[in-house]
Amino acid sequence: MTTRRDFLKGTCATAAATAVAGPSLLFANPALAAANGHDTVVHLFLRGGLDGLNLVVPIDGADRTFYEQARPNLAIAATGAYGALPLTLASGGGTGFGLHPSASGLRDLWVSGRMAIVHACGLLTSVTRSHFDAQLYIDLGTPGAQGIGSGWMARAMNTQPGLDGSERVPALGVAARQPAGLLSSVQALTMASPSDFALNAGAWSWQMARAGAPTGFRGVNETLSDLWGRTSPLELGGQRADRALQVIATQSYSALPAGWPTGTFAQQLWTIAQSIQFDLGLRYATLDLGGWDTHDGQGTAGSGYHYYQNKIAELSQALSAFHAALEASGHAGRVTVVVQSEFGRRVRANANGGTDHGYGNPVLVLGGAVNGRRFYGSWSGLDPEILSPHFGDVPVTTDHRQVLSELLVKRMGNSNLATVFPGYSGYAPMGIVRDVGALAPAPKPAPGARRFGAAPVTAPATAQEPDLMQRLMRYVQELVD
């Protein structure tokens with residue numbers, strides 16, 4: 001038997017958890033559409049510390065020698081059946097790098113000009129080997145500080161020009177709980193999967209009307225909107241939650257299509273792809289792929305089981321399918337994906353067949369608006385004398401906020417960088433993406449160029465924004481208790 005207290009717990013908790021959907025979800029009819037007239041930024045966080053040197057692999061010159069010396073049993077081969085996939089410029093010239101052999105999908109995106117790499121990127125102003133600190137610094141957009149109370153993507157959403165209130169899902173976190181990057185946003189929706197985004201408290205037969213239900217029967221879930229008729233904070237949160245449930249329930253989300261890789265990560269990318277195609281007004285989306293903390297048993301590439309090889313294949317195949325789906329629906333030109341991890345791994349392998357926490361790392365930028373098939377940033381090389389002042393790590397030469405800032409300014413039309421990234425100033429575009437409306441790609445660099453160009457930068461703090469979700473959760477808990 002479901003008591004009133006149990007009912008309140010189930011419905012109120014769900015209302016609070018989904019209240020971040022915001023008032024923009026309250027009114028609008030679902031509809032499919034052709035390519036959206038706005039851009040979407042998708043932030044993919046590879047949590048655990050991706051070993052960037054075995055994804056973007058030095059394949060020739062002095063760096064190849066240093067790489068092999070540092071990783072005698074962990075190096076990816078430069079050639080052969082399991083050798084790195086060379087990354088060439090559009091002119092045919094070499095870059096000195098290749099991709100892990102399991103990253104053929106990413107290689108194809110590179111060759112098509114849909115992917116760029118920013119090398120030696122990361123937390124320029126704050127060095128830490130703590131997963132938790134580094135991840136939070138990136139999520140909040142405030143390296144070295146954790147008390148701001150809001151995520152960088154939430155602040156970007158809150159300052160995004162061009163929103164008129166008709167957007168049903170302007171920001172989306174595909175996760176079981178609100179991503180820290182969306183912390184404090186009242187416009188963001190968080191859901192692990194569309195099929196699970198529903199109330200399931202109480203007896204199954206009482207939840208909603210189904211085939212065979214008596215004429216006129218309304219389930220508990222279908223009467224919720226009647227309970228939230230007034231204007232208290234709890235009831236407004238309930239209204240938003242109910243409307244969010246209705247919006248998702250009335251979209252034609254489907255299972256993974258034929259040809260897609262399987263697994264949770266691929267399903268999450270498919271959820272984002274469909275959300276873009278449904279014209280829900282999606283501007284910002286975020287998701288994670290974990291499992292990159294490879295201290296032991298990392299593996300390289302070859303026949304048999306290699307842990308890292310499988311992770312790269314999972315990443316590459318899903319991103320390739322995601323981009324292909326957006327290309328087929330006409331949306332790829334207005335969707336940009338940025339892929340980053342909290343830090344890289346040490347250059348030198350450890351004694352356990354793995355790598356320990358490092359510093360600088362590549363950041364991938366993918367999409368139809370990317371000036372691809374190019375490296376950006378400044379690569380210092382792997383000479384031990386260069387690495388020594390950085391404790392044997394690849395140094396960071398490009399602040400990751402410079403990359404995100406360019407996407408905000410040039411693709412999203414959001415120049416409120418001092419608010420989105422407090423403490424950061426001196427932004428200068430690197431040319432990674434074209435301005436909205438621009439057609440011609442930027443000129444290609446000369447073959448063999450090793451300096452990719454980048455200027456690190458740093459801005460006035462903004463007032464802390466109230467976390468309405470946390471306040472609503474406390475209110476609900478007090479009511480239930």
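Mentor: Let's start with a term: contact means heavy atoms within 4.5 Å. This is a predicted model, in which local features need pLDDT of at least 70 and side-chain atom pairs count only at pLDDT 80 or more, while totals for chains, interfaces and linings use all residues. Residues are numbered from 1 along each chain as its sequence is written, and side-chain values use heavy atoms, with hydrogens and water left out.

Trainee: Let me try that on one residue. Leaving aside neighbours within four places in sequence, which residues is Ser316 in contact with?

Mentor: Leaving aside those neighbours, Ser316 is in contact with Ser102, Ala103, Ser104, Gly105 and Leu106. Take Leu106: 210 residues separate it from Ser316 along the chain, yet the two C-alpha atoms are 5.5 Å apart.

Trainee: Is Ser316 buried or exposed?

Mentor: Buried means under 20% relative accessible area, exposed over 50%, and partly exposed in between (1.4 Å probe, protein chains only). Ser316 has 1% relative accessibility, so it counts as buried. You will find Ser316 in helix α9. Helices (H or I, at least four residues) and strands (E, at least two) are DSSP runs, numbered from the N terminus.

Trainee: How do I describe two helices that meet? At what angle do the axes of α3 and α9 cross?

Mentor: Axes are lines fitted to C-alpha atoms, for helices over the stretch in contact, and angles run from 0 to 180 degrees between N-to-C directions. Here the axes of α3 (residues 104-111) and α9 come within 7 Å and cross at roughly 45 degrees. That makes α3 oblique to α9; under 35 degrees counts as roughly parallel, over 145 as roughly antiparallel, 65 to 115 as roughly perpendicular and the rest as oblique.

Trainee: And which residues in α3 and α9 meet?

Mentor: From α3 come Ser104, Gly105, Leu106 and Leu109, and they meet Ser316, Leu319, Ser320 and His323 in α9. By class, this contact has three nonpolar, five polar and no charged residues. Nonpolar covers Ala, Val, Leu, Ile, Met, Phe, Trp, Tyr, Cys and Pro, charged covers Asp, Glu, Lys and Arg, and the others, Gly among them, are polar.

Trainee: What about the core? How many residues has the largest one?

Mentor: In soluble globular proteins, nonpolar side chains tend to be buried together. A nonpolar core is a set of buried Ala, Val, Leu, Ile, Met, Phe, Trp, Tyr and Cys residues joined through side-chain atoms within 4.5 Å. The largest one here has 76 residues, and Leu99, Leu106 and Phe322 are among those with the most contacts inside it. Helix α9 (residues 307-329) supplies the largest share of this core, nine residues. There is also a second, separate core of 29 residues, which includes Val41, Ala156, Leu417 and Val433.

Trainee: Last one: how many aromatic pairs does a search of the whole structure find?

Mentor: Rings of Phe, Tyr and Trp (its six-membered ring) pair if their centres lie within 6.5 Å; planes under 30 degrees apart count as stacked, over 60 as edge-to-face and the rest as tilted. The search finds eight. Phe97 and Phe375 form a tilted pair, 5.1 Å centre to centre with 40 degrees between the planes. Phe97 lies in strand β4 (residues 94-99) and Phe375 in strand β11 (residues 375-378), so the pair ties together parts 278 residues apart in sequence. Both Phe97 and Phe375 are buried. Trp152 and Phe421 form a stacked pair, 5.7 Å centre to centre with 25 degrees between the planes.
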